[in-house]
Amino acid sequence: MNTLIHIRTDKKIKEQAQKTAEKLGLSLSAVINAQLRDFVNNQELSVSVEPKFNKKTERELNKILADIKAGRNLVGPFKTTKEMITSLNS
């Protein structure tokens, strides 16, 4: 049995959502129903296509990437588990 949900949203958002759904071969109704099912099944809400990090995490990741490029703070690769554990303990 189907029911009707009325929501208010910005006209531009609705139009953009419809265009995006169409590009994926879906109706806006199918997208919303999929989101509702996911919300109920997982009890969480996912709204981003790609991961977005908070500013602190992004700063830390940028530091790590800079270290990797500069060859700093790197260990390994290890040939054995024993070699890795020895490195961790030193």
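Visitor: What makes a stretch of residues a helix here?
Guide: Helices are DSSP runs of H or I with at least four residues, numbered from the N terminus. Helix 3 covers residues 55-70, and both Glu60 and Lys63 lie in it, three residues apart, about one turn of the helix. This is a predicted model, where local features need pLDDT of at least 70 and side-chain atom pairs count only at pLDDT 80 or more, while totals for chains, interfaces and linings use all residues. Residues are numbered from 1 along each chain as its sequence is written, and side-chain values use heavy atoms, with hydrogens and water left out.

Visitor: Why is the contact of Glu60 with Lys63 called a salt bridge?
Guide: The term asks for a side-chain nitrogen of Lys or Arg within 4 Å of a carboxyl oxygen of Asp or Glu. The closest N and O atoms of Glu60 and Lys63 are 3.5 Å apart, so the pair is a salt bridge.

Visitor: How many salt bridges does this rule give?
Guide: The count is two. Asp67 and Arg72 form a salt bridge too, with their closest N and O atoms 2.9 Å apart.

Visitor: Why does Glu60 count as partly exposed?
Guide: Buried means under 20% relative accessible area and exposed means over 50%, with partly exposed in between (1.4 Å probe, protein chains only). Glu60 has 39% relative accessibility, so Glu60 counts as partly exposed.

Visitor: What makes Arg72 partly exposed?
Guide: The relative accessibility of Arg72 is 44%, and therefore Arg72 falls in that in-between class as well.

Terms used
Helix = DSSP H or I, 4+ residues; strand = E, 2+ residues; numbered from the N terminus.
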